[in-house]
Amino acid sequence: MRTALTEAGVRPHETHLLGGDSGWSAALPAGAEIAVILSEAPRRGRLLLAGYNERRVPAARLRITVAFAIGPAAEGLLGPFGPGPEEAERLGRTAPSSTAPFTTVLSAALYEGYVAPEFHADLVPEDFQPVDAGGAKAWLHRSDRLGDPAPGAVREGAQGVARTALCVAADIKGWSTRAVPDQIHAQHALMEVTRAALRLARLPERIEQTAGDSVLVIAPSGIDESTVIPDLLYGMRVALRTNNRVLVPSARLRLRLALTRGPVVPGPAGFGGDAVISCFRLLDAPPVKRALVDAPEADLAVIISTDLYRDVIRHGFRGLRPEGFRRVRCELPGKGFAEDAWLHVPGQVAESAPGAPV
């Protein structure tokens with residue numbers, strides 16, 4: 001499979017043997033086109049396996065299971081580690097056994113993000129079946145035939161292909177109740193505060209979409225979320241405090257901030273994808289709106305998707321305080337949206353600047 005990944009256009013980082021000769025894991029470089037990898041790597045793996053098996057008697061032929069998951073990974077002395085590699089290893093070990101010569105297992109996040117939306121012509125949802133893998137839902141594809149046809153073209157948006165990215169959306173509380181001149185002042189303040197926070201987090205000061213009282217930021221591929229997210233949250237607090245310190249209470253800028261991660265696709269009117277939709281749904285969810293009503297002294301309420309909480313917040317990177325986040329149920333029945341997320345109102349627990357001792 002290392003050869004298959006290389007032929008698919010991706011050079012994996014150092015591999016890590018799992019239990020002797022039973023298998024290996026590899027962390028792929030940030031910024032790789034995941035839809036292409038999920039299609040091309042298994043296809044090339046099947047072709048290589050066909051060449052290997054055709055020269056061997058049945059008892060000596062290999063059966064291979066390849067598991068894919070997405071999540072943070074770091075290189076250690078013994079190979080890649082972190083939530084992403086750990087989930088991939090677990091899926092590979094616990095997925096139902098198969099008599100097919102080549103089996104592909106995808107985490108639920110990869111299936112829902114890249115297969116279900118059919119980002120690649122070779123990724124057909126009907127070819128996958130849901131299975132239980134160690135108590136977690138996964139999706140299985142069995143290839144009884146190793147010589148599959150060449151893949152189709154990547155399904156592109158108007159400007160590019162899907163990539164996984166951190167999505168950040170901010171919205172002004174009470175914007176529509178302001179007089180028009182005050183709405184314009186609030187818009188300017190929102191842009192300045194957002195750019196200042198991006199600058200502190202060492203992200204490009206680029207706002208992808210605006211909608212009156214809200215903005216959307218799509219982070220570049222390959223960022224270190226364990227650094228960027230704490231710095232971004234701290235930057236928003238500092239920028240809001242700086243903006244509001246000379247304003248009368250009625251002129252204060254108060255923001256809701258939502259963070260998600262997932263596939264995004266650039267289009268002619270901005271970015272699309274489930275991660276973008278979820279970001280704005282969380283931004284409009286009752287718990288985060290109610291948080292600013294219940295805490296009139298607060299200028300910021302943050303809502304974060306469960307995967308980002310699991311991968312970043314709960315580990316307390318750079319002074320983050322996991323105890324300052326609480327799980328909430330976010331439901332918008334009219335939008336068909338229902339998800340758990342994690343709510344945080346800065347100032348409700350003792351906080352420190354990023355990097356300070358915890």
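Student: OK. What kind of model is it, and how are residues numbered?

Tutor: This is a predicted model, in which local features need pLDDT of at least 70 and side-chain atom pairs count only at pLDDT 80 or more, while totals for chains, interfaces and linings use all residues. Residues are numbered from 1 along each chain as its sequence is written, and side-chain values use heavy atoms, with hydrogens and water left out.

Student: How many helices and strands are there in the protein?

Tutor: The protein has nine helices and 16 strands. Both are DSSP runs numbered from the N terminus, helices being H or I with at least four residues and strands E with at least two.

Student: And what share of the residues is buried?

Tutor: Of the 358 residues, 47% are buried. Buried means under 20% relative accessible area, exposed means over 50%, and partly exposed is in between (1.4 Å probe, protein chains only).

Student: What about the surface as a whole?

Tutor: The accessible surface comes to about 17300 Å², and 52% of that belongs to carbon and sulfur atoms. Such areas come from the Shrake-Rupley method with a 1.4 Å probe; for residues, only the protein chains shown count as cover.

Student: Let's take a strand. Which residues of S6 are buried on each side?

Tutor: Strand S6 covers residues 102–107, and six of its six residues are buried. Phe 102, Thr 104 and Leu 106 are on one side, with Thr 103, Val 105 and Ser 107 on the other.

Student: Which way does S3 run against S6, parallel or antiparallel?

Tutor: Strand S3 (residues 64–68) pairs with S6 in the parallel sense, over five bridges. Two strands pair if DSSP finds at least two bridges between them. Ala 67 has Val 105 in S6 as its bridge partner. Strand S8 (residues 136–143) runs antiparallel to S6, joined by six bridges, and Phe 102 has Ser 143 in S8 as its bridge partner.

Student: Now S11. Why is it called largely enclosed?

Tutor: Strand S11 (residues 214–218) is largely enclosed by the rest of the structure because five of its five residues are buried. Ser 214, Leu 216 and Ile 218 point one way, and Val 215 and Val 217 point the other way.

Student: What does S11 pair with?

Tutor: Strand S9 (residues 163–172) pairs with S11 in the antiparallel sense over five bridges, and Cys 167 stands opposite Ile 218. Strand S10 (residues 209–210) is also antiparallel to S11, over two bridges, with Thr 210 opposite Val 215.

Student: How many residues sit between S10 and S11?

Tutor: Three residues lie between S10 and S11, which form a hairpin, and Gly 212 in the turn has a positive phi of about 75°. Asp 213 is also found in the loop between these two strands.

Student: What does Asp 213 touch?

Tutor: Leaving aside neighbours within four places in sequence, Asp 213 is in contact (heavy atoms within 4.5 Å) with Ala 170, Asp 171, Ile 172, Trp 175 and Leu 190. Its C-alpha atom is separated by 8.1 Å from that of Gln 183, 30 residues apart along the chain.

Student: Switching topic. Which residues touch the most other members in the largest nonpolar core?

Tutor: Leu 233, Leu 255, Leu 257 and Leu 259 do, in a core of 38 residues. Helix H6 gives the most to this core, with seven residues. A nonpolar core is a set of buried Ala, Val, Leu, Ile, Met, Phe, Trp, Tyr and Cys residues joined through side-chain atoms within 4.5 Å.

Student: What is Leu 233 in contact with?

Tutor: Beyond its neighbours within four places in sequence, Leu 233 is in contact with Leu 257, Leu 259, Val 302, Ile 304, Leu 320 and Phe 325. Another core, of 28 residues, lies apart from the largest one, and Ala 258 and Leu 343 are among its members.

Student: Back to H6. Is Glu 225 buried or exposed?

Tutor: Glu 225, in helix H6 (residues 225–244), is buried, with a relative accessible area of 13%.

Student: Last one: where is Arg 202?

Tutor: Arg 202 is found in the loop between H5 and S10. It has a positive phi of about 60° although it is not a glycine, and it is exposed, with a relative accessible area of 66%.
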